[in-house]
Amino acid sequence: MKRALLLPLIILLFHTQPCHAQAIIGLKINHDYRGQLDQILERMGQEMKIRFIFDKATMAKYPTAITTYEEKTIGGMLKMFQNSWNMVSLISGNGYIYIAKDKQQLAELQNSNLQKNIEVTESKKVERSSLNPIKRNFTLTGEVVDVESGERIPYATLHIQGKTNFTTTDANGRFTLQRVPTDTASITVSYIGYEKQTIELQPAADNKPMQVELSPQKQEIAEVFIRGRKDDKALEQSVVEQKIKMSPVALKFLPNIGEKDIMRSFQLMPGVSASNENSSGMYVRGGTPDQNLIVYDGFTVYYVDHLHGFYSAFNSNAIKDVQLYKGGFESKFGGRLSSVTEITGKDGNSKKITFGGDISLLSVNAYAEIPIGDEFTSLFAFRRSYQGWLYKRISNETGSSSGETVSRPSEPGGRGMQSEDPDSYFYDMNAKITWNATKKDIFSVSFFNGADYLDNTPTFSFPGGGGRPGGFGESSGMSSFSMDNSDYTRYGNVGISARWSRKLNDKLTSTLLASYSNFYSTRDESRTITYTDSSGNTQTIKSGVLEDNDLRDYTVSNAWKYSLNDRHTLEFGAFGTYYDINYSYGENDTAKLVNKADEATLFGVHLQDKIRLFSNKLTVTPGLRTTYFSNTHKIYFEPRLSASYAFTPQVILNAATGVYNQFANRVVREDVMSGNTDFWILSDDKNIPVSSSTHFNLGVSYNLTEYLFSVDAYYKSNANISEYTMRFNRKPLNSSSLQTTEQFYTGDGYATGIELLAQKKAGQLSGWVSYTIGEVKNKFPLQSSQYFFAYQDVTHEFKTVGIYKFGNFDFSATWIYSTGRPYTAPLGGYTLTLVDGAEESYFAVSDKNTFRLPAYHRLDLAASFRFDMFGTKGKANAISVSLFNAYNRHNVSAKKFQIVDGAILESNINYLGITPNISLSFKF
C-alpha cells in the first residue's frame, strides 16, 4: 500500500514532459476535404486559419478524404493520420501543427522552421517598433470580463511586458494601470481558470476605458502524441502575500464526497488543516473556525457547516471568486484573529439566459442566470439534500440521524420498543441582482440562506401489557401512561447585502455597503412522561436539554481606493456594526440554567498605503485599523505591515505582521464525557475579554513557468482566549433541584509552524505536495500554570494532490496524513446514592489534552468525463464518480466515556468509512 501511495507523488515530482490539448485541435471540421493530403492541409489551413508545417513532397503521396462524419475535429484528423500511416504530430507553443512521416522528419521540420519563426518574430518587432506612440507614461483603465458570459472577473492580474508594472482588478473587475510607458506596449492579462491573453495597445489620441475579454480554459480532445503546455491549476498560492486563490470552476477536478466544496478544497493546501471531517470550517495556522472571518458579498457568515460539517453552506455554482488570507491580512479586514475568506458571488450572465445544475447521490442543485435588458443581470441558485443512500450513510456515521427507521428497547428492563423515522435535510439558496446603471455606477443586492434541520424524534410502542412499559404493570398501580418526545436540531445562516460601487474618476473608486447577517441554532432534546396511578393521582416527569443561540449583525461600511500614482495606492474607509447575541441553556424543563443576552456596537476606520519602490521590486504596505467597542468602552489600535521583495522575477521574499482583535467569539463549552460544543457570545469586561493576536509571517518562493516551490514560517501570539465550563450540583444534598456553576477560563497561547509546498502548475499532470509542522498551545492560569496542547493542535500534516487529464477525462487523487488531535479523558469514576435515593455519578479527569487520538489518513479518488449537451460548447457537462476514503481507514473523530458500576467504558466515534458517489453536472 505504501508503494501505491508513493507512486502518484513520484510521478508528480518527476513528470518532466507536460502535455495538454491546444484549443485548436478541438475545432470542428466544417465540410469534407478530398484529394492529395498536401492540398487538403493547405486548403484547410487557409479556411480554418490553422498553421500546418509539413513536407509537401511527402504529403503529396497520400490521397485521402477528411470528412465531418469520420474525423469531425482537427484532433480526430491527426489521430487518423497516426492510425493509418504511423505519422507523428506536434503542436508547438506558438500554435504551429507539425505533421511528419516519422520522428526524424519531425525534427527536421522543427529545425527548418525555427529560423523562419525567428525572422517572423523579428519582423513583428520591427513592425511594432516602427509605430509612433501618441501617449507616454499614461494611465490605462478598463475592466476584465468573461468572454462567454460577460461576468466581470475580480482580482485578475495585468502586467506590462518587459516592465515590472502590474495591477489587479477590484471586486467589480475594474482596473487602473499607472505609468504605461507607451500606447504601443503589450499587456498580459491572467486569471486562474482562464486562458492568458496578451493585449497589444494601438496608438490612439483618446483614452477610452478598455474592456479585456478572457476565455475560460477548455480541455479539448487530447492525444498522447500532441505535446504542449497548459497552465490550469485548481488553486494558486500567492508569491507576494500570505494568500491562496481559487477558481470555483476548477473544483470539478478534485475528489469530493458528493458536492463541489470551496472550503474543503482549501483544506488541501498547506497551513489549513484537513483532518477534521466534522467541520467544513477552516483551522488556519492553528486558529479555530470562528477565528476565520468569512465575508460573502460584504456580509459576514458565522457558521458554514451542512450535514454535521461534511459540507459547507456555499454553492459553488453561485460563486465566481474565493480568496483565503492565511495571516498578516490588510487593515480593511478585522474582527478575527486568524484568517480571512473573501467570497465574491456571481453577478449572472449578461449575454444570454443560462440554466444548469448538479445531481448527485446526496442533493439536487440548480441555478439560473438571466439578463434583464442591457443593464440588469440576475442569478438564482438552490440546493437541497434528499434522504438517499449517501445522506443516510453520513448521518449514521456521525451517530445522529440514521436516516431510516430503527427499533430498539426503550428503557432497561422495559418491554417497549422505540422507533426513529427521522426527517432531516439541508438546503441553501442564493440570489443576486446587479444593475449596471452607468459606466461609473454599479448597484447590487445579494441574498443567502442556508439551513439544516435534523429531526430524530422517536416514537414509542409497548407490545403487550396493555400499552404499559415494562415496570409499570398492574403491580405498580399505574392505570394510564403517555410519553411525548422531541429530538431535533435546527441551525443556519441568513445574509443580505446592498452595495453601491462608483468609479468617480480614473484614480478614485468608492464602495458603500449595508448588510445584515443572522446565525441561529436551536436544539430540543426533551422527554415528558405522564402517568396516573389507580388512585387518580397524576405525575409528570420531564427530562432533556433545551439550547438556543441567536446572533444578529447589522453593518454599514464605506471603503475608498485612490491610485495616487504608480508608487502609491491608498485604501481607506469607515465601518460600524451593531451586534445582538442571545444564548440560553436549560435542562429538565426547569428555569434556564444559562441565559445570556448581549448587545454591543463597534465602529472604526482603516487606512493603508501600498508603496512600490525600486522599479516595483519592493512592495511595502503599512496600515492601521482603529476600533471602538461599546461593551468595554475602549479604543483598539491594530497596526499592520506587509512587504515583498523580488530578488529575481522567480525568487520572491514576503513578510507580514500585525495586531488583530476579536469581539464576537464562538466559545467552547467543555464536556469531557460526551464531547465539546460551542456557542457565540460577545466579549465584555467581566468573563470574556476581547481576544487579540499578533502575527509574524515570513516566506520565500521560487516561481517557475510550470513549477512553484515555497517555504513559509509563522508565529502567532494569542492573548485573552476563552473557554467555558458549566457544572451541575444538587442543592441541597437531599434536594432534587440543580444549581449550575459557570466557569470561564481565560488565558494566552501561541501557534507556530512551517509550511512547505511543491506545486506543478501546468501540463496534463498537475498537482502539489505539501507538508506542515506546527504547534498550538494555550495556558489557562485557573486550570494550570503549564501550557497544554489546544484541541485543534496537529503536529504533522502531509498532503499530496494529483490531477491527470486525458482527452475528455479528468482523474484526480488526494492523500492526507496528520497527527491525531489531543483530548482530555476521565481517569476514574464513582457513583453515590443521595439521601433521596437518587444516584449521582462523579469522575476525575486527566490534565488538559494529555492524550491524542490515533493518526488520521485517507485516500480519495475521482474521475469525470466531460461532454457537450443541450448545444453547449467547451465540455460544460460532466458525469463524475468519486471514492472517499478508498481503503476504508477507520479514523477516530472523538472518544466517548461512560461510567458503569464505577468503571469507565471508552468507545470511539469514527469518521466516515469508504463511500462512493456519482454525480451529473449539466448546463444549457
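Hi everyone, let's start at one residue: setting aside neighbours within four places in sequence, Leu-337 is in contact with Gln-291, Tyr-660, Asn-661, Gln-662, Ser-691, Ser-692, Ser-693 and His-695. Contact here means heavy atoms within 4.5 Å. Leu-337 sits in the loop between β19 (319-325) and β20 (339-345). Helices (H or I, at least four residues) and strands (E, at least two) are DSSP runs, numbered from the N terminus. Leu-337 counts as buried because its relative accessible area is 3%, where buried means under 20% relative accessible area, exposed over 50% and partly exposed in between, with a 1.4 Å probe and protein chains only. Between Leu-337 and Gln-291 there are 46 residues of sequence separation, yet their C-alpha atoms are 5.2 Å apart.

A word on what we are looking at. This is a predicted model, in which local features need pLDDT of at least 70 and side-chain atom pairs count only at pLDDT 80 or more, while totals for chains, interfaces and linings use all residues. Residues are numbered from 1 along each chain as its sequence is written, and side-chain values use heavy atoms, with hydrogens and water left out.

Now the overall view. The chain has seven helices and 54 strands, and of its 924 residues, 54% count as buried. Among contacts between residues at least 6 apart in sequence, 65% join residues at least 24 apart. The chain exposes about 40000 Å², with carbon and sulfur atoms supplying 54% of that area; accessible areas come from the Shrake-Rupley method with a 1.4 Å probe, and for residues only the protein chains shown count as cover.

Let's move on to strand β20, where we find Glu-342. Setting aside residues up to four places away in sequence, Glu-342 touches Tyr-155, Val-295, Asp-321, Val-322, Gln-323, Tyr-325 and Phe-333.

Tyr-155 lies in the loop between β6 (136-146) and β7 (157-160), and counts as buried at 15% relative accessibility. Its phi is near 60°, a positive value in a residue other than glycine. For background, most residues other than glycine have a negative phi.

Strand β7 itself holds Leu-158, which is buried at 1% relative accessibility. Beyond four places in sequence, the residues that Leu-158 touches include Val-144, Phe-166, Phe-175, Leu-177 and Ile-187. The C-alpha atoms of Leu-158 and Ile-187 are separated by 6.5 Å, with the two residues 29 apart along the chain.

Next, the loop between α6 (262-266) and β15 (292-296), which is the place of Met-282. Met-282 is buried, with a relative accessible area of 0%. Leaving out residues up to four places away, Met-282 touches Met-263, Phe-266, Val-272, Thr-288, Pro-289, Asn-292, Leu-324 and Thr-341. Arg-285 lies in the loop between α6 and β15 too, with a positive phi of about 50° although it is not a glycine. Arg-285 counts as buried at 2% relative accessibility.

On to a helix. How far apart are the end C-alpha atoms of α4? They are 16 Å apart, which agrees with the 16 Å that the 12 residues of α4 (residues 74-85) should span at 1.5 Å a residue; the expected span is 1.5 Å times one less than the number of residues. Buried residues in α4 are Ile-74, Gly-75, Met-77, Leu-78, Met-80 and Phe-81. They pack against α2 (37-48), β2 (52-53), β3 (63-66), β4 (88-91) and β5 (97-100). Just after α4, Asn-86 takes a positive phi of about 60°.

The structure holds nine cavities of 30 Å³ or more. A cavity is a set of points, on a 1 Å grid over the protein atoms alone, where a 1.4 Å probe fits but cannot get out, and lining residues have an atom within 4 Å of a point. About 160 Å³ of space lies in the second largest cavity, a volume being the space filled by probe spheres set on the points, which are joined across faces, edges and corners. Of the 15 residues lining the second largest cavity, the closest to its centre are Ser-273, Gly-286, Tyr-714, Thr-772 and Val-794. Strand β42 (residues 765-779) gives the most to this lining, with four residues.

Conventions
On a 1 Å grid over the protein atoms alone, a cavity is a set of points where a 1.4 Å probe fits but cannot get out, and a pocket is an open set with protein on both sides within 12 Å along at least five of seven lines; lining residues have an atom within 4 Å of a point.
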